[in-house]
Amino acid sequence: MLKDLVLPSLVTRNRTYRRFYEDAPIAIATLRELVDLARLSASAANRQPLRYILSTDRETNAEIFPTLAWAGYLKDWPGPEEGERPAAYIVVLADTALSLPAYVGIDHGLAVGTARPGLHLEGELLLLHVAGALENDLVHRLVLAHRHHG
């Protein structure tokens with residue numbers, strides 16, 4: 001029966017969080033495992049255009065945070081306070097040479113939706129935020145840093 005499987009439990013706990021444990025470290029290996037789940041998701045036209053940049057670095061996280069949009073219906077809420085911000089980010093980018101503009105949001109949604117239940121594995125909630133739209137200059141710096149540090 002479906003109720004005996006792990007998937008329904010993961011799906012029912014797969015909710016949006018807006019406050020995090022900023023001081024709780026998340027291993028880069030954990031982020032890589034989540035990206036590995038994401039990369040196995042379906043891709044529109046099978047183009048596989050998504051690329052990922054991982055951040056557990058406080059300084060980089062501090063640059064990413066102000067570029068994010070939080071709780072669209074709460075117009076006056078700027079997002080979590082210091083200490084309640086994500087300890088890690090997975091920045092999802094689309095390779096414009098591979099992606100079809102109409103499908104970028106589909107690929108992003110499928111990848112993030114596939115990886116999110118992985119946040120709940122082993123009975124713990126691993127708190128991070130998946131960053132989607134970032135300012136172009138920040139994306140450029142992150143890509144350059146990623147290429148430099150591997």
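Biologist: Why is Q48 called partly exposed?

Modeller: The relative accessibility of Q48 is 35%. Buried means under 20% relative accessible area, exposed means over 50%, and partly exposed lies in between, with a 1.4 Å probe and protein chains only. The value for Q48 falls in between, so Q48 counts as partly exposed. Before we go on, please note that this is a predicted model, where local features need pLDDT of at least 70, side-chain atom pairs count only at pLDDT 80 or more, and totals for chains, interfaces and linings use all residues. Residues are numbered from 1 along each chain as its sequence is written, and side-chain values use heavy atoms, with hydrogens and water left out.

Biologist: Where is Q48 found?

Modeller: Q48 sits in the loop between α2 and β1. Helices (H or I, at least four residues) and strands (E, at least two) are DSSP runs, numbered from the N terminus. In those terms the chain has five helices and three strands, and their order from the N terminus is α-α-β-α-β-α-β-α.

Biologist: What makes the phi of Q48 worth a remark?

Modeller: Phi of Q48 is near 50 degrees, a positive value in a residue other than glycine. Most residues other than glycine have a negative phi. A45, in the loop between α2 and β1, also has a positive phi, of about 60 degrees, and is not a glycine.

Biologist: Is A45 buried or exposed, and why?

Modeller: A45 counts as exposed because its relative accessibility is 52%.

Biologist: And why does S43 get its label, buried or exposed?

Modeller: S43 has 15% relative accessibility, so it counts as buried. S43 is found in the loop between α2 (28-39) and β1 (50-55).

Biologist: How do you know that S43 and D107 make a polar contact?

Modeller: A polar contact is a pair of N or O atoms within 3.5 Å; within protein, one must be able to donate a hydrogen and the other to accept it, and residues adjacent in sequence count only if both atoms are side-chain atoms. The side chains of S43 and D107 are joined at 3.4 Å. The side chain of S43 also reaches the backbone nitrogen of Q48 at 3.0 Å. Contact in general means heavy atoms within 4.5 Å, and, leaving out residues up to four places away in sequence, S43 touches Q48, P49 and D107.

Biologist: What makes N61 a buried residue?

Modeller: N61 has a relative accessible area of 7%, so it is buried. N61 belongs to helix α3 (residues 58-64), and its side chain makes a polar contact of 2.6 Å with the side chain of S55. Beyond its neighbours within four places in sequence, N61 is in contact with S55, T56, P86, A87, A88 and Y89.

Biologist: Why is L142 called buried?

Modeller: Its relative accessible area is 8%, so L142 is buried. L142 lies in helix α5 (residues 136-149). The C-alpha atoms of L142 and E63 are separated by 9.8 Å, while the two residues are 79 residues apart along the chain.

Biologist: What about L37: which label does it get, and why?

Modeller: L37, in helix α2, has a relative accessible area of 32%, so L37 is partly exposed. Not counting residues up to four places away in sequence, L37 touches T114, A115 and G118.

Biologist: How many residues line the largest cavity, and which lie nearest its centre?

Modeller: Ten residues line it, and A38, Y52, I90, V112 and A115 lie nearest its centre. The elements giving two or more residues to this lining are α2, β2 (89-94) and α4 (104-115).

Biologist: What makes a space a cavity?

Modeller: On a 1 Å grid over the protein atoms alone, a cavity is a set of points where a 1.4 Å probe fits but cannot get out, and lining residues have an atom within 4 Å of a point. By this rule there is one cavity of 30 Å³ or more.

Biologist: How much of the chain is buried?

Modeller: Buried residues make up 34% of the 150 residues in the chain. As for contacts between residues at least 6 apart in sequence, 83% join residues at least 24 apart.

Definitions and conventions:
1 Å grid on protein atoms, 1.4 Å probe; cavity = no way out; pocket = protein on both sides within 12 Å on 5 of 7 lines; lining within 4 Å. Points joined across faces, edges and corners; volume = space filled by probe spheres on them.
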